[in-house]
Amino acid sequence: MRIATWNVNSIRTRVERVVAVLERHGIDALAMQEIKCRPDQFPREPFEAAGYELAVHGLNQWNGVAIASRVGLTDVAASFPGQPAWAASEGAEAVVEARALGATVGEALGDGAPVRLWSLYVPNGRELGHPHYAYKLAWLAALKDAVASRLAADPSLPLALVGDWNVAPHDEDVWDMAAFEGATHVSAPEREAFRSFEALGMVEATRERVTNYTYWDYQRLRFPRNEGMRIDFVYGSPAFEARVGDALIDRDERKGKGASDHVPVIVDLT
């Protein structure tokens, strides 16, 4: 089974590119982030014509996550237990944003194949000291607690947390650490929150298998200069990691007109 994650940065803008990637790479299940639409606005027809089922979680034109699968899609869950809420402005009602979507994929392949897949769009944090930064850390802590509970109940579960983590956990994950002095994504608390999943036995599946950035800003010629960041990851439980054979970062998908600022991250499972 081939699983991928991709922050598509508006599915309605890039649906043709996304379906082309599914077909070009033979992807069985794709977790998408930042779809920027409600379920009723999601362009389902091209996916369904290509043989994919869809689970979509979006509340408005911001955030949003989805999963497309051609190998079964069951037990869909929007948001994880304990997921924190966010109030967009002072006095506004706090809302559990559309940043997490779980589903079981792979049942069509037979016994032993299914994977519990979560598409995650971790909050950005905006800037150190901002309420959104505290929200980001609380969000990651709550996710860890939810994962710990799930794995305690089922230690043999093949569980994958995939998506845009908005954390660069190592210095080499950004083009120049000096450019990020005092910024989010590289702060010690964020990196500690990212690494805390290792205490649960989780393993980031791509780092030892492929090297590249996964995001390049549209501004200042970041992509031509290869001034990128590695912030999209595949974090797997021991049962998931044991099945990972290879990984790929499709840097070429950042090229050309209409590209997302992120690229697909792909893993192959035995």
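Predicted model: local features only at pLDDT ≥ 70, side-chain atom pairs only at ≥ 80, totals over all residues.
Local features need pLDDT of at least 70 and side-chain atom pairs count only at pLDDT 80 or more, while totals for chains, interfaces and linings use all residues. Residues are numbered from 1 along each chain as its sequence is written, and side-chain values use heavy atoms, without hydrogens and water.

Helices (H or I, at least four residues) and strands (E, at least two) are DSSP runs numbered from the N terminus. Two strands pair if DSSP finds at least two bridges between them. The open sheet has six strands, ordered E3-E4-E2-E1-E12-E11, with mixed pairing. E3 and E11 are at the edges with a single partner strand each, so one side of each has no neighbour in the sheet. E11 and E12 run antiparallel and are joined by five bridges; Ala247 has Val267 in E12 as its bridge partner.

| Strand | Residues |
|---|---|
| E3 | 53-57 |
| E11 | 244-249 |
| E12 | 265-269 |

A nonpolar core is a set of buried (under 20% relative accessible area, 1.4 Å probe, protein chains only) Ala, Val, Leu, Ile, Met, Phe, Trp, Tyr and Cys residues joined through side-chain atoms within 4.5 Å. The largest has 31 residues, of which Ile3, Val105, Val115, Leu117 and Phe240 touch the most other members. E11 and E12 are among the strands that each supply at least two residues of this core. Another core, apart from it, has 25 residues, including Trp118 and Met202.

In helix H4 (residues 188-195), Glu190, Arg191, Ala193 and Phe194 are buried.

Methods:
Buried < 20%, exposed > 50% of the residue type's maximum accessible area, 1.4 Å probe, protein only.
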